[in-house]
Amino acid sequence: MSNFIIVSDARNCSFRDLLITGKSLLNSSICPTHWLISGSSEQLLKIQNHRMLRKSSIAITDKLSDTDHSTVVFLRVGDTLAPDALSLIAQHTNLHDVVYGDSAHGRARKFEEPSKARRPQWSPERLRSHNYVGDLLAASPSVIAAAGGISTLATLHEHDRSLRIFDACTSPHRIADVLYHSSQERMVPTASLSAVQQHCTRTGIDAVCTISEKMQSVRVKRRLRSQPKISVIVPTRGTTENLKGNQVVLAAHAIKTLIDSSTYQNFDVIAVLDSVTSSEGRQAIVDAGGDRLKIVDYDRPFNFAEKINLGAVCSDADLLLLLNDDTEIITPDALETLLGILEDQTVGMAGPMLLYEDMTIQSAGHILNPVPFDLYRERELTCTGAQHLLQVQREASGLIAACVLVKRSVFDEVGGLCTLFPSNYNDVDFGLKIQDAGYRVVWTPHAQFHHFESKTRTPKLQTFEVATIGARWRDKLEDDPYFNPHLERYIDIWKENVMGQRSVLDALGPTAPIASK
Amino acid sequence: MDAEAARIGQALDLLIARDSEIGERAKLRVAKIYGPTATSSLGTYDFSDSFAKRDQVSRRGDWVHRNWLRPVRFFYRHVPKPIRFAIKKLFA
């Protein structure tokens with residue numbers, strides 16, 4: 001049986017809140033050995049003498065000399081610990097040195113359950129943006145000691161505390177169950193700019209950090225150590241379409257806007273042209289690409305993956321930007337932003353926010369639930385997503401290959417795009433291969449591109465594509481680490497699965513047949 | 001030119017070989033977890049069968065079909081219409 005020390009910061013809190021938290025500790029399935037209350041000796045004295053807690057076995061104190069062999073749990077004053085939270089944590093502390101989980105927020109009304117903040121597995125990129133792990137953290141004594149000790153950590157901003165603890169840990173773990181209950185305001189993660197700046201200094205990240213006060217999220221923009229050459233690979237058949245009222249050759253438009261608008265200029269363009277490309281289309285692409293352009297002819301039956309691979313082997317650059325011909329750069333510093341993410345040795349691929357022509361979201365990274373979806377597709381750009389998911393740079397299980405920047409070494413290591421997927425799921429497979437090789441895949445909202453794909457286009461999935469992706473990655477599709485098992489499946493948004501949450505009206509059933517009598 | 005074409009062909013073959021190697025390893029892992037024929041009754045993976053909605057976690061919270069609700073529902077359906085609508089309005 002594990003021993004637990006609960007740590008709460010009692011500064012600027014009411015006695016009522018302290019009592020609420022205390023009551024929840026008494027109702028816990030495993031009774032903590034200590035409750036360390038820091039920051040207010042007055043509140044400590046009051047709670048120590050309260051009749052309810054006086055008789056309990058919990059030692060309430062403000063100092064602890066020996067924390068060995070005990071798991072330390074940080075719990076905010078006013079929050080309540082779920083009755084089975086400590087038993088759930090105890091099941092994981094043998095294998096993991098830091099544990100966090102889901103939370104419930106607000107009050108239950110009638111037959112409705114409170115809102116729940118469902119969290120993804122360990123996502124270090126996201127933690128730099130905001131404290132997505134919530135206010136309850138359980139850590140082993142060694143991690144606590146390495147992170148600065150209980151008394152230091154107890155008084156820090158929750159984002160600062162989380163960053164320090166996760167910097168010191170080796171195997172973090174998310175428990176997909178509600179561990180604590182808090183107020184509705186704590187549903188959205190908080191952020192601290194100074195905490196992130198200190199974290200960057202500690203971990204050697206050379207970056208400019210800025211905070212959005214409105215969204216409570218920090219942007220970490222890494223400074224580039226060098227200006228490596230990028231090969232932009234554009235597979236195309238020279239299609240002409242109407243864009244913003246003008247008839248344009250899509251590939252020529254994508255290349256021209258990239259050359260004209262990007263503030264990063266060290267790139268060449270490799271256009272992989274189908275044999276059916278018209279001479280006008282080819283000429284428009286040549287005119288748009290100028291000196292940077294290299295044309296590679298492709299004369300085999302359509303296979304998107306093969307075209308990308310062909311473009312990649314014809315390149316001598318260390319970085320590859322896979323770019324569909326129906327795209328257009330929006331943020332001029334998009335390439336620098338993506339390059340900055342790839343400065344991290346553990347990141348293999350980075351992708352931007354893709355928007356339709358009307359500025360609605362085309363893709364904010366993939367979720368696998370188990371169908372691969374583009375997250376929040378067709379939602380307004382003003383949509384922030386659950387727990388501000390769309391406002392922060394974060395890990396994803398996959399990115400749409402319409403626009404991704406990938407390290408050449410990683411591309412070669414995983415064998416490029418799989419040619420068994422000529423049109424669908426080659427990007428899903430590619431993302432999973434990259435993660436399987438030990439690299440992270442990061443999506444960012446701070447770089448934006450248009451993807452003029454038709455909203456009405458529904459990909460024609462072939463049975464063999466679904467079968468192949470399932471044969472290779474079924475386990476990953478059904479348990480996406482950047483998803484949560486309690487969320488609704490088969491949809492493209494991060495939404496609590498409320499199938500089981502029925503109302504009284506559901507229970508009473510329809511009234512129409514009786515009413516019509 | 002031929003040398004360049006040969007180099008490209010070789011590089012593409014290398015990518016395919018690497019991809020097959022990773023693919024085979026992934027297939028073995030999946031087979032180890034789900035069994036060699038576990039992808040579905042037809043032997044191929046299919047999203048609709050692979051993760052039945054009935055398996056979703058919060059389905060457990062479905063209290064609507066409990067037996068004790070049946071007499072309550074019967075009573076509700078046979079009370080006068082104004083009362084029934086008042087109840088409905090109350091819980092809407």
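## Rings and their partners

In this predicted model, the charged end of Lys81(B) sits over the ring of Phe85(B), 5.9 Å from the ring centre. The face of Phe85(B) also has Lys88(B) lying over it, at 5.6 Å from the ring centre.

Now to rings that pair with rings. With centres within 6.5 Å as the cut-off, there are five aromatic pairs over all chains. One of them joins Trp122(A) and Phe166(A), which are stacked, with 4.5 Å from centre to centre and 15° between the planes. Trp122(A) belongs to the loop between strand E7 (115-117) and helix H5 (124-129) of chain A, while Phe166(A) belongs to helix H8 (residues 158-168) of chain A, so this pair ties together parts 44 residues apart in sequence.

In Phe483(A) and Trp494(A), the ring planes stand at 80° and the centres are 6.0 Å apart, so this pair is edge-to-face. Both residues lie in the loop between helix H16 (463-478) and helix H17 (504-508) of chain A, so the parts tied together are eleven residues apart in sequence.

| Residue | Relative accessible area | Class |
|---|---|---|
| Trp122(A) | 25% | partly exposed |
| Phe166(A) | 5% | buried |
| Phe483(A) | 1% | buried |
| Trp494(A) | 8% | buried |

Finally, Trp122(A) and Phe166(A) belong to a cluster linked by ring pairs, together with Tyr100(A) and Tyr132(A).

Note on methods: Residues are numbered from 1 along each chain as its sequence is written. Chains are lettered from A and ligands numbered from 1 in the order in which they are written. This is a predicted model: local features need pLDDT of at least 70, side-chain atom pairs count only at pLDDT 80 or more; totals for chains, interfaces and linings use all residues. Side-chain values use heavy atoms; hydrogens and water are left out. Rings of Phe, Tyr and Trp (its six-membered ring) pair if their centres lie within 6.5 Å; planes under 30 degrees apart count as stacked, over 60 as edge-to-face and the rest as tilted. Helices (H or I, at least four residues) and strands (E, at least two) are DSSP runs, numbered from the N terminus. Buried means under 20% relative accessible area, exposed over 50%, partly exposed in between (1.4 Å probe, protein chains only). A charge sits over a ring if NZ of Lys or CZ of Arg is within 6 Å of the ring centre and within 35 degrees of the ring normal.
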